[in-house]
Amino acid sequence: MKKWNVVVVLGAAQFVMVLDGTVMNVSISTVVDDLDTTVAAMQAAITFYTLTMAAVMLLGAKLGDVWGRRRAFVIGSCIYAIGSLITALSPTVAFLFLGWSVIEGLGAVLVIPAIAALVADNYQGRDRVTAFAVIGAVSGAAVAAGPLIGGAVTTYFNWRYVFVAEVVIMVGVVLCARIVTDATPRQRVRIDIGSVLLSSAGLVLIVFGMLQSKTWGWIIPLHTPEVAGVALAPLGISLTAWCIALGGVLISLFVAWQRRLVGEGRSPLLQTALFSIAPLRSGLSVLGAQYAVTAGLFFMVPVYLQMTLGLDALETGIKIFPLSVSLILFSILGTRLSGKWSPRRIVRVGQLILVLSAVLLLAAATSDLRGALFATGMFLAGSALGLLASQLGNVNMSSVTEKDTSEVGGLQGVFQNLGSSLGTALIGSILIGALSTSFASGVADSDLPEDARATVAAATDRGVTIVPAAEVAGLAEQGGLREEEADELAEIYRESQLSSLRVAFVGLIVISLISLLFSRGIPTEVAIRRRAIAAEGG
(Lines give C-alpha, C1' and ligand atoms only; values in the text may rest on other atoms or scores of the structure.)
Protein backbone atom coordinates (compact mmCIF):
# COMPACT_ATOMS: atom_id res chain seq x y z
CA MET A 1 0.00 0.00 0.00
CA LYS A 2 3.03 2.29 0.27
CA LYS A 3 2.73 3.16 -3.40
CA TRP A 4 -0.47 5.07 -2.63
CA ASN A 5 1.17 7.32 -0.04
CA VAL A 6 2.04 9.82 -2.76
CA VAL A 7 -1.56 10.20 -3.89
CA VAL A 8 -2.61 10.63 -0.25
CA VAL A 9 -0.23 13.61 0.07
CA LEU A 10 -1.31 15.12 -3.25
CA GLY A 11 -4.96 14.40 -2.48
CA ALA A 12 -4.72 16.22 0.84
CA ALA A 13 -3.47 19.31 -0.96
CA GLN A 14 -6.21 18.98 -3.59
CA PHE A 15 -8.85 18.67 -0.85
CA VAL A 16 -7.78 21.96 0.73
CA MET A 17 -7.67 23.76 -2.65
CA VAL A 18 -11.29 22.80 -3.42
CA LEU A 19 -12.64 23.03 0.14
CA ASP A 20 -11.73 26.70 0.59
CA GLY A 21 -14.36 28.25 -1.66
CA THR A 22 -17.33 26.15 -0.51
CA VAL A 23 -16.53 26.76 3.16
CA MET A 24 -16.52 30.53 2.71
CA ASN A 25 -19.81 30.52 0.81
CA VAL A 26 -21.86 28.98 3.62
CA SER A 27 -20.20 31.26 6.17
CA ILE A 28 -21.00 34.53 4.36
CA SER A 29 -23.44 35.98 6.87
CA THR A 30 -21.28 35.09 9.88
CA VAL A 31 -18.14 36.57 8.32
CA VAL A 32 -20.09 39.70 7.33
CA ASP A 33 -21.11 40.21 10.99
CA ASP A 34 -17.71 39.29 12.43
CA LEU A 35 -15.72 41.64 10.19
CA ASP A 36 -18.41 44.35 10.08
CA THR A 37 -18.52 44.25 6.27
CA THR A 38 -21.10 43.66 3.52
CA VAL A 39 -22.22 40.82 1.27
CA ALA A 40 -20.94 42.84 -1.70
CA ALA A 41 -17.46 42.97 -0.12
CA MET A 42 -17.57 39.21 0.43
CA GLN A 43 -18.62 38.74 -3.20
CA ALA A 44 -15.54 40.72 -4.19
CA ALA A 45 -13.30 38.56 -1.97
CA ILE A 46 -14.77 35.32 -3.34
CA THR A 47 -14.43 36.53 -6.92
CA PHE A 48 -10.87 37.78 -6.59
CA TYR A 49 -9.75 34.57 -4.83
CA THR A 50 -10.57 32.55 -7.93
CA LEU A 51 -9.55 35.41 -10.24
CA THR A 52 -6.07 35.48 -8.71
CA MET A 53 -5.68 31.82 -9.57
CA ALA A 54 -7.13 32.21 -13.07
CA ALA A 55 -4.95 35.21 -13.86
CA VAL A 56 -1.60 33.58 -13.05
CA MET A 57 -2.30 29.83 -13.29
CA LEU A 58 -0.37 29.62 -16.58
CA LEU A 59 2.58 31.29 -14.91
CA GLY A 60 2.34 28.80 -12.04
CA ALA A 61 2.42 25.87 -14.48
CA LYS A 62 5.43 27.35 -16.28
CA LEU A 63 7.27 27.94 -12.99
CA GLY A 64 6.70 24.28 -12.16
CA ASP A 65 8.52 23.33 -15.37
CA VAL A 66 11.38 25.72 -14.57
CA TRP A 67 11.81 25.09 -10.83
CA GLY A 68 10.75 21.45 -10.83
CA ARG A 69 7.22 20.24 -10.04
CA ARG A 70 7.92 19.10 -6.47
CA ARG A 71 9.75 22.30 -5.57
CA ALA A 72 6.90 24.39 -6.98
CA PHE A 73 4.43 22.19 -5.06
CA VAL A 74 6.28 22.76 -1.77
CA ILE A 75 6.75 26.51 -2.30
CA GLY A 76 3.09 26.89 -3.25
CA SER A 77 1.98 24.90 -0.20
CA CYS A 78 4.05 27.16 2.08
CA ILE A 79 2.59 30.31 0.50
CA TYR A 80 -0.91 28.88 0.81
CA ALA A 81 -0.38 28.08 4.51
CA ILE A 82 0.80 31.65 5.16
CA GLY A 83 -2.31 33.01 3.42
CA SER A 84 -4.56 30.72 5.47
CA LEU A 85 -2.92 31.90 8.69
CA ILE A 86 -3.43 35.58 7.77
CA THR A 87 -7.08 34.78 6.92
CA ALA A 88 -7.62 33.02 10.25
CA LEU A 89 -6.28 36.04 12.13
CA SER A 90 -7.98 38.70 9.97
CA PRO A 91 -9.27 41.67 12.03
CA THR A 92 -10.86 43.32 8.96
CA VAL A 93 -12.09 42.38 5.51
CA ALA A 94 -8.95 44.01 4.05
CA PHE A 95 -6.74 41.46 5.83
CA LEU A 96 -9.07 38.65 4.73
CA PHE A 97 -8.81 39.93 1.16
CA LEU A 98 -4.99 39.91 1.39
CA GLY A 99 -4.68 36.50 3.02
CA TRP A 100 -7.45 34.62 1.25
CA SER A 101 -8.04 36.33 -2.08
CA VAL A 102 -4.40 37.14 -2.89
CA ILE A 103 -1.83 35.09 -0.97
CA GLU A 104 -3.79 31.81 -0.91
CA GLY A 105 -4.59 32.28 -4.59
CA LEU A 106 -0.90 32.78 -5.44
CA GLY A 107 0.00 29.62 -3.54
CA ALA A 108 -2.70 27.64 -5.32
CA VAL A 109 -1.38 28.55 -8.80
CA LEU A 110 1.80 26.64 -7.96
CA VAL A 111 0.09 23.72 -6.22
CA ILE A 112 -2.74 22.88 -8.63
CA PRO A 113 -0.72 22.39 -11.87
CA ALA A 114 1.97 20.52 -9.91
CA ILE A 115 -0.55 17.99 -8.54
CA ALA A 116 -1.53 16.79 -12.03
CA ALA A 117 2.10 16.65 -13.21
CA LEU A 118 3.31 14.81 -10.09
CA VAL A 119 0.55 12.21 -10.36
CA ALA A 120 1.76 11.49 -13.90
CA ASP A 121 5.39 11.31 -12.67
CA ASN A 122 4.68 8.88 -9.84
CA TYR A 123 2.25 6.44 -11.45
CA GLN A 124 2.12 4.50 -14.70
CA GLY A 125 -0.51 2.45 -16.54
CA ARG A 126 -3.59 1.43 -14.55
CA ASP A 127 -2.11 2.91 -11.37
CA ARG A 128 -2.02 6.31 -13.04
CA VAL A 129 -5.69 5.99 -14.06
CA THR A 130 -6.60 5.06 -10.48
CA ALA A 131 -4.54 7.93 -9.05
CA PHE A 132 -6.24 10.50 -11.24
CA ALA A 133 -9.61 9.00 -10.29
CA VAL A 134 -8.70 9.40 -6.61
CA ILE A 135 -7.79 13.06 -7.14
CA GLY A 136 -11.13 13.59 -8.89
CA ALA A 137 -13.00 11.84 -6.08
CA VAL A 138 -11.17 13.98 -3.51
CA SER A 139 -12.33 17.11 -5.35
CA GLY A 140 -15.92 15.86 -5.25
CA ALA A 141 -15.58 14.98 -1.57
CA ALA A 142 -14.31 18.51 -0.84
CA VAL A 143 -17.31 20.02 -2.61
CA ALA A 144 -19.54 17.65 -0.65
CA ALA A 145 -17.91 18.19 2.73
CA GLY A 146 -17.29 21.93 2.42
CA PRO A 147 -20.81 23.16 3.26
CA LEU A 148 -21.16 20.78 6.21
CA ILE A 149 -17.67 21.41 7.57
CA GLY A 150 -18.06 25.16 7.14
CA GLY A 151 -21.55 25.11 8.61
CA ALA A 152 -20.66 22.98 11.64
CA VAL A 153 -17.44 24.83 12.48
CA THR A 154 -19.04 28.25 11.94
CA THR A 155 -22.12 27.40 14.02
CA TYR A 156 -20.49 25.61 16.98
CA PHE A 157 -17.00 27.15 16.98
CA ASN A 158 -15.73 29.91 14.69
CA TRP A 159 -15.25 30.20 10.93
CA ARG A 160 -11.57 31.05 11.55
CA TYR A 161 -10.85 27.50 12.76
CA VAL A 162 -11.37 26.21 9.21
CA PHE A 163 -8.37 28.21 8.04
CA VAL A 164 -6.32 27.15 11.09
CA ALA A 165 -7.01 23.54 10.06
CA GLU A 166 -5.86 24.36 6.52
CA VAL A 167 -2.55 25.62 7.93
CA VAL A 168 -2.09 22.33 9.81
CA ILE A 169 -2.91 20.22 6.74
CA MET A 170 -0.59 22.16 4.43
CA VAL A 171 2.27 21.95 6.95
CA GLY A 172 1.74 18.18 6.96
CA VAL A 173 1.76 18.14 3.15
CA VAL A 174 5.07 20.01 3.07
CA LEU A 175 6.67 17.65 5.61
CA CYS A 176 5.57 14.59 3.61
CA ALA A 177 6.42 15.98 0.17
CA ARG A 178 9.83 14.28 0.20
CA ILE A 179 8.17 10.94 -0.66
CA VAL A 180 6.87 12.42 -3.94
CA THR A 181 9.06 11.64 -6.94
CA ASP A 182 9.81 14.41 -9.43
CA ALA A 183 11.09 12.54 -12.49
CA THR A 184 10.62 15.26 -15.10
CA PRO A 185 13.81 17.25 -15.86
CA ARG A 186 13.58 20.99 -15.29
CA GLN A 187 13.22 23.11 -18.39
CA ARG A 188 15.54 25.97 -19.18
CA VAL A 189 13.08 28.48 -20.62
CA ARG A 190 12.72 32.21 -20.30
CA ILE A 191 9.33 33.28 -18.98
CA ASP A 192 8.00 36.18 -21.03
CA ILE A 193 6.88 38.86 -18.56
CA GLY A 194 4.87 40.69 -21.22
CA SER A 195 2.72 37.58 -21.72
CA VAL A 196 2.06 37.33 -17.97
CA LEU A 197 1.09 40.99 -17.72
CA LEU A 198 -1.19 40.91 -20.79
CA SER A 199 -3.09 37.79 -19.72
CA SER A 200 -3.42 38.86 -16.08
CA ALA A 201 -4.54 42.41 -16.88
CA GLY A 202 -7.07 41.19 -19.43
CA LEU A 203 -8.68 38.69 -17.06
CA VAL A 204 -8.74 41.15 -14.16
CA LEU A 205 -10.45 43.83 -16.25
CA ILE A 206 -13.11 41.45 -17.57
CA VAL A 207 -14.13 40.09 -14.15
CA PHE A 208 -13.79 43.44 -12.37
CA GLY A 209 -16.09 45.01 -14.95
CA MET A 210 -18.69 42.30 -14.39
CA LEU A 211 -18.37 42.62 -10.62
CA GLN A 212 -19.03 46.38 -10.79
CA SER A 213 -22.01 46.06 -13.12
CA LYS A 214 -24.41 46.16 -10.17
CA THR A 215 -23.10 49.64 -9.32
CA TRP A 216 -22.02 51.08 -12.65
CA GLY A 217 -24.65 49.45 -14.88
CA TRP A 218 -23.88 47.20 -17.84
CA ILE A 219 -24.24 49.68 -20.72
CA ILE A 220 -26.23 52.67 -19.48
CA PRO A 221 -24.35 54.40 -16.62
CA LEU A 222 -26.01 54.16 -13.21
CA HIS A 223 -23.82 55.26 -10.30
CA THR A 224 -20.73 56.34 -12.16
CA PRO A 225 -17.52 57.07 -10.20
CA GLU A 226 -16.27 60.63 -10.36
CA VAL A 227 -12.80 62.16 -10.48
CA ALA A 228 -12.56 65.86 -9.57
CA GLY A 229 -16.31 66.12 -10.06
CA VAL A 230 -16.19 64.61 -13.56
CA ALA A 231 -18.23 61.43 -14.14
CA LEU A 232 -16.23 58.59 -15.72
CA ALA A 233 -18.54 57.37 -18.49
CA PRO A 234 -16.72 57.82 -21.84
CA LEU A 235 -19.17 58.42 -24.71
CA GLY A 236 -22.02 57.95 -22.24
CA ILE A 237 -21.21 54.24 -21.84
CA SER A 238 -20.85 52.53 -18.45
CA LEU A 239 -17.34 51.75 -17.22
CA THR A 240 -18.46 48.11 -17.00
CA ALA A 241 -18.65 47.85 -20.77
CA TRP A 242 -15.31 49.65 -21.18
CA CYS A 243 -13.55 47.34 -18.70
CA ILE A 244 -14.87 44.20 -20.38
CA ALA A 245 -14.03 45.52 -23.85
CA LEU A 246 -10.51 46.56 -22.84
CA GLY A 247 -9.98 43.19 -21.15
CA GLY A 248 -11.04 41.46 -24.36
CA VAL A 249 -8.58 43.56 -26.37
CA LEU A 250 -5.72 42.66 -24.00
CA ILE A 251 -6.57 38.94 -24.24
CA SER A 252 -6.56 39.24 -28.06
CA LEU A 253 -3.15 40.93 -27.91
CA PHE A 254 -1.95 38.16 -25.60
CA VAL A 255 -2.99 35.48 -28.09
CA ALA A 256 -1.33 37.34 -30.98
CA TRP A 257 1.86 37.77 -28.92
CA GLN A 258 1.98 34.04 -28.12
CA ARG A 259 1.80 33.22 -31.83
CA ARG A 260 4.59 35.68 -32.53
CA LEU A 261 6.80 34.13 -29.85
CA VAL A 262 6.27 30.69 -31.38
CA GLY A 263 7.07 32.07 -34.83
CA GLU A 264 10.34 33.51 -33.52
CA GLY A 265 11.29 30.23 -31.87
CA ARG A 266 10.85 31.60 -28.35
CA SER A 267 8.95 29.95 -25.48
CA PRO A 268 5.35 31.21 -25.12
CA LEU A 269 3.40 31.27 -21.89
CA LEU A 270 0.61 29.39 -23.71
CA GLN A 271 0.66 27.18 -26.80
CA THR A 272 -2.35 28.68 -28.57
CA ALA A 273 -2.29 25.85 -31.12
CA LEU A 274 -3.86 23.65 -28.43
CA PHE A 275 -7.15 25.47 -28.97
CA SER A 276 -7.32 24.12 -32.53
CA ILE A 277 -8.02 20.67 -31.01
CA ALA A 278 -11.81 20.42 -31.05
CA PRO A 279 -12.29 17.97 -28.13
CA LEU A 280 -9.98 20.04 -25.92
CA ARG A 281 -11.67 23.29 -26.89
CA SER A 282 -15.11 21.84 -26.12
CA GLY A 283 -13.95 20.18 -22.93
CA LEU A 284 -12.44 23.38 -21.56
CA SER A 285 -15.48 25.45 -22.56
CA VAL A 286 -17.94 23.09 -20.88
CA LEU A 287 -15.63 22.94 -17.84
CA GLY A 288 -15.66 26.73 -17.56
CA ALA A 289 -19.46 26.82 -17.86
CA GLN A 290 -19.79 24.04 -15.27
CA TYR A 291 -17.69 25.98 -12.76
CA ALA A 292 -19.59 29.19 -13.54
CA VAL A 293 -22.88 27.47 -12.66
CA THR A 294 -21.37 25.84 -9.56
CA ALA A 295 -19.91 29.12 -8.27
CA GLY A 296 -23.11 31.02 -9.00
CA LEU A 297 -25.17 28.37 -7.25
CA PHE A 298 -22.91 28.25 -4.20
CA PHE A 299 -23.05 32.05 -3.91
CA MET A 300 -26.76 32.47 -4.51
CA VAL A 301 -28.28 29.59 -2.52
CA PRO A 302 -26.54 30.45 0.80
CA VAL A 303 -27.66 34.08 0.38
CA TYR A 304 -31.26 32.86 -0.04
CA LEU A 305 -31.12 30.40 2.84
CA GLN A 306 -29.31 32.71 5.28
CA MET A 307 -30.40 36.23 4.35
CA THR A 308 -33.99 35.55 3.27
CA LEU A 309 -34.97 32.54 5.39
CA GLY A 310 -32.66 33.27 8.33
CA LEU A 311 -30.96 29.84 8.50
CA ASP A 312 -27.57 29.56 10.18
CA ALA A 313 -24.43 28.20 8.50
CA LEU A 314 -24.98 24.59 9.67
CA GLU A 315 -28.63 24.57 8.56
CA THR A 316 -27.46 25.98 5.22
CA GLY A 317 -24.93 23.16 4.88
CA ILE A 318 -27.64 20.57 5.61
CA LYS A 319 -29.93 22.06 2.94
CA ILE A 320 -27.09 21.87 0.41
CA PHE A 321 -26.18 18.30 1.46
CA PRO A 322 -28.35 16.55 -1.22
CA LEU A 323 -26.15 18.18 -3.88
CA SER A 324 -23.04 16.98 -2.08
CA VAL A 325 -24.20 13.36 -1.89
CA SER A 326 -25.40 13.13 -5.49
CA LEU A 327 -22.23 14.77 -6.82
CA ILE A 328 -20.11 11.93 -5.40
CA LEU A 329 -22.56 9.19 -6.41
CA PHE A 330 -22.92 10.39 -9.98
CA SER A 331 -19.18 10.95 -10.37
CA ILE A 332 -18.83 7.20 -9.74
CA LEU A 333 -21.81 6.38 -11.96
CA GLY A 334 -20.44 8.54 -14.78
CA THR A 335 -17.12 6.68 -14.64
CA ARG A 336 -18.95 3.33 -14.92
CA LEU A 337 -21.13 4.60 -17.77
CA SER A 338 -17.95 5.45 -19.72
CA GLY A 339 -17.76 1.80 -20.81
CA LYS A 340 -21.21 1.99 -22.45
CA TRP A 341 -21.91 5.62 -23.33
CA SER A 342 -19.79 8.12 -25.20
CA PRO A 343 -18.39 11.15 -23.34
CA ARG A 344 -20.64 13.49 -25.35
CA ARG A 345 -23.75 11.55 -24.38
CA ILE A 346 -22.84 11.57 -20.69
CA VAL A 347 -21.91 15.27 -20.78
CA ARG A 348 -25.13 16.29 -22.54
CA VAL A 349 -27.28 14.24 -20.17
CA GLY A 350 -25.53 16.06 -17.34
CA GLN A 351 -26.13 19.44 -18.97
CA LEU A 352 -29.84 18.74 -19.48
CA ILE A 353 -30.22 17.56 -15.88
CA LEU A 354 -28.52 20.79 -14.79
CA VAL A 355 -31.13 22.83 -16.67
CA LEU A 356 -33.93 20.81 -15.05
CA SER A 357 -32.42 21.27 -11.59
CA ALA A 358 -32.28 25.07 -12.04
CA VAL A 359 -35.96 25.07 -13.07
CA LEU A 360 -36.90 23.11 -9.94
CA LEU A 361 -34.86 25.44 -7.73
CA LEU A 362 -36.60 28.39 -9.34
CA ALA A 363 -39.98 26.85 -8.44
CA ALA A 364 -38.79 26.12 -4.88
CA ALA A 365 -37.66 29.70 -4.14
CA THR A 366 -40.60 30.88 -2.02
CA SER A 367 -40.90 32.69 1.29
CA ASP A 368 -41.43 29.41 3.18
CA LEU A 369 -39.12 27.19 1.06
CA ARG A 370 -40.69 24.22 -0.64
CA GLY A 371 -38.40 21.75 1.10
CA ALA A 372 -38.95 18.61 -0.97
CA LEU A 373 -38.78 20.49 -4.26
CA PHE A 374 -35.65 22.34 -3.16
CA ALA A 375 -33.95 19.11 -2.03
CA THR A 376 -34.83 17.46 -5.36
CA GLY A 377 -33.43 20.41 -7.28
CA MET A 378 -30.19 20.33 -5.27
CA PHE A 379 -29.89 16.55 -5.71
CA LEU A 380 -30.32 16.86 -9.48
CA ALA A 381 -27.82 19.74 -9.61
CA GLY A 382 -25.26 17.54 -7.87
CA SER A 383 -26.10 14.65 -10.19
CA ALA A 384 -25.46 16.82 -13.23
CA LEU A 385 -22.20 18.21 -11.87
CA GLY A 386 -21.06 14.70 -10.95
CA LEU A 387 -21.66 13.39 -14.48
CA LEU A 388 -19.75 16.33 -15.95
CA ALA A 389 -16.87 15.92 -13.50
CA SER A 390 -16.56 12.24 -14.40
CA GLN A 391 -15.85 13.05 -18.06
CA LEU A 392 -14.30 16.46 -18.65
CA GLY A 393 -10.88 15.89 -17.10
CA ASN A 394 -10.36 12.69 -19.10
CA VAL A 395 -11.65 14.31 -22.30
CA ASN A 396 -9.17 17.17 -21.95
CA MET A 397 -6.15 15.04 -21.05
CA SER A 398 -6.91 12.48 -23.78
CA SER A 399 -7.01 15.21 -26.41
CA VAL A 400 -3.24 15.78 -26.36
CA THR A 401 0.00 13.82 -26.30
CA GLU A 402 1.83 13.18 -23.04
CA LYS A 403 4.25 16.08 -23.53
CA ASP A 404 1.36 18.57 -23.44
CA THR A 405 -0.53 17.19 -20.42
CA SER A 406 1.16 19.57 -17.99
CA GLU A 407 0.10 22.60 -20.01
CA VAL A 408 -3.43 21.23 -20.38
CA GLY A 409 -3.52 20.78 -16.60
CA GLY A 410 -2.70 24.46 -16.26
CA LEU A 411 -5.41 25.35 -18.79
CA GLN A 412 -7.94 23.32 -16.80
CA GLY A 413 -7.03 25.34 -13.73
CA VAL A 414 -7.47 28.58 -15.68
CA PHE A 415 -10.90 27.62 -17.02
CA GLN A 416 -12.07 26.29 -13.66
CA ASN A 417 -11.12 29.42 -11.80
CA LEU A 418 -12.10 31.84 -14.55
CA GLY A 419 -15.48 30.13 -14.74
CA SER A 420 -15.83 30.43 -10.96
CA SER A 421 -14.89 34.11 -11.06
CA LEU A 422 -17.29 34.92 -13.88
CA GLY A 423 -20.08 32.84 -12.33
CA THR A 424 -19.82 34.54 -8.96
CA ALA A 425 -19.53 38.01 -10.51
CA LEU A 426 -22.31 37.51 -13.05
CA ILE A 427 -24.85 35.82 -10.79
CA GLY A 428 -23.96 38.18 -7.93
CA SER A 429 -24.43 41.20 -10.18
CA ILE A 430 -27.76 39.89 -11.46
CA LEU A 431 -28.91 39.14 -7.91
CA ILE A 432 -27.99 42.53 -6.44
CA GLY A 433 -29.07 44.47 -9.53
CA ALA A 434 -32.47 42.75 -9.56
CA LEU A 435 -32.84 43.38 -5.83
CA SER A 436 -32.28 47.12 -6.28
CA THR A 437 -34.77 47.33 -9.14
CA SER A 438 -37.44 45.22 -7.43
CA PHE A 439 -37.10 47.03 -4.09
CA ALA A 440 -37.31 50.49 -5.68
CA SER A 441 -40.39 49.43 -7.63
CA GLY A 442 -41.98 47.87 -4.55
CA VAL A 443 -41.46 51.01 -2.47
CA ALA A 444 -42.81 53.25 -5.26
CA ASP A 445 -45.97 51.13 -5.57
CA SER A 446 -46.49 50.70 -1.81
CA ASP A 447 -48.93 52.41 0.56
CA LEU A 448 -46.07 54.01 2.48
CA PRO A 449 -46.49 57.77 3.08
CA GLU A 450 -44.69 60.10 0.70
CA ASP A 451 -42.17 61.20 3.36
CA ALA A 452 -41.35 57.55 4.18
CA ARG A 453 -40.86 56.72 0.49
CA ALA A 454 -38.58 59.74 0.13
CA THR A 455 -36.54 58.61 3.15
CA VAL A 456 -36.13 55.10 1.70
CA ALA A 457 -35.29 56.45 -1.76
CA ALA A 458 -32.57 58.68 -0.31
CA ALA A 459 -31.11 55.84 1.75
CA THR A 460 -30.97 53.49 -1.26
CA ASP A 461 -29.93 56.03 -3.87
CA ARG A 462 -26.73 54.13 -4.68
CA GLY A 463 -28.34 50.71 -4.72
CA VAL A 464 -29.63 48.17 -2.23
CA THR A 465 -27.30 45.89 -0.28
CA ILE A 466 -28.16 42.36 0.78
CA VAL A 467 -28.95 42.20 4.50
CA PRO A 468 -30.93 39.64 6.54
CA ALA A 469 -34.61 40.22 5.84
CA ALA A 470 -35.40 39.88 9.54
CA GLU A 471 -33.27 42.94 10.33
CA VAL A 472 -34.89 45.34 7.84
CA ALA A 473 -37.69 46.47 10.15
CA GLY A 474 -35.21 47.39 12.89
CA LEU A 475 -32.99 49.24 10.44
CA ALA A 476 -36.00 51.10 9.09
CA GLU A 477 -37.04 52.21 12.57
CA GLN A 478 -33.50 53.43 13.22
CA GLY A 479 -33.82 55.42 10.00
CA GLY A 480 -36.86 57.27 11.34
CA LEU A 481 -39.81 55.19 10.08
CA ARG A 482 -42.74 54.30 12.35
CA GLU A 483 -43.19 50.67 13.39
CA GLU A 484 -46.01 49.89 10.95
CA GLU A 485 -44.08 51.55 8.11
CA ALA A 486 -40.97 49.58 9.04
CA ASP A 487 -42.92 46.29 9.00
CA GLU A 488 -44.35 47.09 5.54
CA LEU A 489 -40.87 47.99 4.26
CA ALA A 490 -39.49 44.70 5.63
CA GLU A 491 -42.15 42.75 3.73
CA ILE A 492 -41.34 44.67 0.53
CA TYR A 493 -37.66 43.86 1.01
CA ARG A 494 -38.34 40.17 1.59
CA GLU A 495 -40.44 39.95 -1.58
CA SER A 496 -37.72 41.85 -3.47
CA GLN A 497 -35.12 39.33 -2.29
CA LEU A 498 -37.23 36.45 -3.54
CA SER A 499 -37.86 38.20 -6.85
CA SER A 500 -34.14 38.83 -7.36
CA LEU A 501 -33.32 35.20 -6.52
CA ARG A 502 -35.77 34.01 -9.16
CA VAL A 503 -34.10 36.27 -11.72
CA ALA A 504 -30.71 34.85 -10.72
CA PHE A 505 -32.00 31.28 -11.14
CA VAL A 506 -33.13 32.22 -14.64
CA GLY A 507 -29.55 33.38 -15.23
CA LEU A 508 -28.31 29.92 -14.20
CA ILE A 509 -30.76 28.30 -16.61
CA VAL A 510 -29.46 30.48 -19.45
CA ILE A 511 -25.81 29.64 -18.69
CA SER A 512 -26.69 25.93 -18.57
CA LEU A 513 -28.47 26.12 -21.92
CA ILE A 514 -25.61 28.02 -23.56
CA SER A 515 -23.13 25.39 -22.37
CA LEU A 516 -24.98 22.83 -24.55
CA LEU A 517 -23.53 24.62 -27.57
CA PHE A 518 -20.00 24.07 -26.25
CA SER A 519 -20.32 20.28 -26.05
CA ARG A 520 -20.48 19.67 -29.81
CA GLY A 521 -16.77 18.79 -29.97
CA ILE A 522 -16.84 16.26 -27.12
CA PRO A 523 -15.86 12.78 -28.48
CA THR A 524 -18.71 10.51 -29.59
CA GLU A 525 -16.82 7.22 -29.24
CA VAL A 526 -17.14 5.07 -26.14
CA ALA A 527 -13.89 5.16 -24.14
CA ILE A 528 -13.27 1.38 -24.33
CA ARG A 529 -13.85 1.40 -28.09
CA ARG A 530 -11.40 4.28 -28.52
CA ARG A 531 -8.72 2.41 -26.57
CA ALA A 532 -9.30 -0.75 -28.62
CA ILE A 533 -9.00 1.17 -31.89
CA ALA A 534 -5.82 2.84 -30.66
CA ALA A 535 -4.35 -0.55 -29.68
CA GLU A 536 -5.14 -2.05 -33.08
CA GLY A 537 -3.59 0.95 -34.78
CA GLY A 538 -0.44 0.51 -32.68
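In this predicted model, helix H5 bends by about 30 degrees at Gly105. The helix has 30 residues, and the distance from its first C-alpha to its last is 40 Å, close to the 44 Å expected at 1.5 Å a residue. H5 is largely enclosed by the rest of the structure, because 22 of its 30 residues are buried.

The side chain of Ser90 makes two polar approaches to the backbone: one to the oxygen of Thr87 at 3.0 Å, and one to the nitrogen of Leu96 at 3.2 Å. When residues up to four places away in sequence are set aside, Ser90 touches Leu35, Phe95, Leu96 and Arg160.

The protein chain holds 19 helices and 2 strands. Its radius of gyration is 24 Å, close to the 24 Å that the globule rule gives for 538 residues, so the chain is as compact as a globular protein of that length. Along the principal axes, the C-alpha trace spans about 80 × 55 × 45 Å. Of the 538 residues, 53% count as buried. Among contacts with a separation of 6 or more, 82% join residues 24 or more positions apart.

In soluble globular proteins, nonpolar side chains tend to be buried together. Here the largest nonpolar core has 105 residues, and Phe73 and Phe374 are those with the most contacts inside it. Helix H11 (residues 278-308) supplies the largest share of this core, with 12 residues. Phe374 itself touches Val301, Tyr304, Leu305, Lys319, Leu361, Ala364 and Leu369, not counting residues up to four places away in sequence. Apart from this core lies another, of 15 residues, whose members include Phe439, Val443, Ala452 and Val472.

Helix H15 (residues 405-444) contains Val414. With a relative accessibility of 8%, Val414 counts as buried because it falls under 20%. Beyond its neighbours within four places in sequence, Val414 is in contact with Ala54, Met57 and Leu58. Val414 can also be related to Gly247: the two residues are 167 apart along the chain, and their C-alpha atoms are separated by 16 Å.

Gly247 belongs to the buried residues of H10, which are Leu239, Thr240, Cys243, Gly247, Leu250, Phe254, Gln258 and Leu261. Helix H10 (residues 239-263) has 25 residues, which should span 36 Å at 1.5 Å a residue; the end C-alpha atoms are 36 Å apart, in agreement with that value. At the start of H10, a side-chain oxygen of Ser238 comes within 3.1 Å of the backbone nitrogen of Thr240. Just after H10, Gly265 adopts a positive phi of about 80 degrees.

The loop between strand E2 (230-231) and H10 includes Ile237. This residue is partly exposed, with a relative accessible area of 27%. Ile237 and Ile219 are 18 residues apart in sequence, while their C-alpha atoms are 5.6 Å apart in space. Leaving aside neighbours within four places in sequence, Ile237 is in contact with Ile219, Pro221 and Trp242.

Leu235 is found in that loop too, between E2 and H10. Its phi is near 60 degrees, a positive value in a residue other than glycine. Leu235 is exposed, because its relative accessible area of 77% is over 50%. A positive phi is also found at Asp36, near 55 degrees, again in a residue other than glycine. Asp36 lies in the loop between helix H2 (28-34) and helix H3 (39-67), and at 71% relative accessibility it counts as exposed.

How values were computed. Residues numbered from 1 in each chain as written. Predicted model: local features only at pLDDT ≥ 70, side-chain atom pairs only at ≥ 80, totals over all residues. Heavy atoms only, no water. Polar contact = N/O pair within 3.5 Å; in protein donor to acceptor, adjacent residues only side chain to side chain. Contact = heavy atoms within 4.5 Å. Helix = DSSP H or I, 4+ residues; strand = E, 2+ residues; numbered from the N terminus. Expected span 1.5 Å × (residues − 1). Bend = angle between axes of the 7 residues up to and from the residue. Buried < 20%, exposed > 50% of the residue type's maximum accessible area, 1.4 Å probe, protein only. Core = buried A, V, L, I, M, F, W, Y, C linked by side-chain atoms within 4.5 Å. Rg over C-alpha atoms; globule rule 2.2 N^0.38 Å.
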